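Have the structure open and follow along.

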Amino acid sequence: WGVTGSGAVGGDTLIESDRSIKNIHLATGVFVLLILLVVYRAPIVVFVPLLTIGIAVFISRHLVALLTQLDTVPGFAWFHFEIFKTSEIFIFTILFGCGTDFCLFLISRYREELENGLDKYEAMREALGQVGEALTGSAFTTIFGLGMMYFADFGKFTYSGPAIALCLFVALLACLTFAPALMCAAGAVVFW
């Protein structure tokens, strides 16, 4: 409406960033859902990674928000942490990508152990024993690499890398705890 200047441009940028983030969240969710449906052809098992990663994203976002407030706690005035709009996009897409991969490995191994005749608890114990180290090693390689972005000179990298690393750690924990509990609770019906 004829408004110019840095305030107007900044406001428009924030509005478009929010719209972009919503579109990326929607596209990521839809693509992951479609890929899981194609891979498993079992609608119930699709909800294991989606629910697991959804919870991890929820918890992660709150942890990152708390980190930005840590400098207000007595004794932590030295700690300064920022988060940027673009970091949310990275957190969401990386968690859904990596978390889905983690769950896919676990689900595949769990299914194999069930087919070998083990009960659901023993099958999950075996599955975690078989893929747990690989998942943890893979995740920590990425977590460590992202954490090293703290030493970058560019502020968005300095803060986004460690934030994404923390979120990925939460996703790993969710995939190694919540996803197995969810699958054991559902039992073999999860593959219907």
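Contact here means heavy atoms within 4.5 Å. This is a predicted model, in which local features need pLDDT of at least 70 and side-chain atom pairs count only at pLDDT 80 or more, while totals for chains, interfaces and linings use all residues. Residues are numbered from 1 along each chain as its sequence is written, and side-chain values use heavy atoms, with hydrogens and water left out.

Start with T52. Leaving aside neighbours within four places in sequence, T52 touches F47, C103, A174, C175, F178 and A179. T52 is buried, at a relative accessible area of 0% (buried means under 20%, exposed over 50%, and partly exposed in between, using a 1.4 Å probe and protein chains only).

T52 lies in helix α2; helices are DSSP runs of H or I with at least four residues, strands are runs of E with at least two, and both are numbered from the N terminus. Which helix does α2 pack against? Helix α2 (residues 43-69) packs with helix α5 (residues 155-186) at an angle of about 145 degrees, their axes 8 Å apart. Those axes are lines fitted to C-alpha atoms over the stretch in contact, and angles run from 0 to 180 degrees between N-to-C directions. Among the residues that meet are V48, L51 and T52 in α2, and A174, C175 and F178 in α5. By class, this contact has 20 nonpolar, two polar and no charged residues; Ala, Val, Leu, Ile, Met, Phe, Trp, Tyr, Cys and Pro count as nonpolar, Asp, Glu, Lys and Arg as charged, and the others, Gly among them, as polar.

Now for the cysteines. The structure holds zero disulfides, a disulfide being a pair of cysteine sulfur atoms within 2.5 Å. C103 is buried, with a relative accessible area of 1%, whereas C98 is partly exposed at 22%.

Finally, the rings. There are eight aromatic pairs: rings of Phe, Tyr and Trp (its six-membered ring) pair if their centres lie within 6.5 Å, and planes under 30 degrees apart count as stacked, over 60 as edge-to-face and the rest as tilted. F79 and F81 have ring centres 6.2 Å apart and planes at 15 degrees, so they are stacked. F154 and F157, by contrast, are edge-to-face, at 5.3 Å centre to centre and 75 degrees between the planes. Ring pairs also link F76, W78, F79, F81 and Y159 into a cluster.
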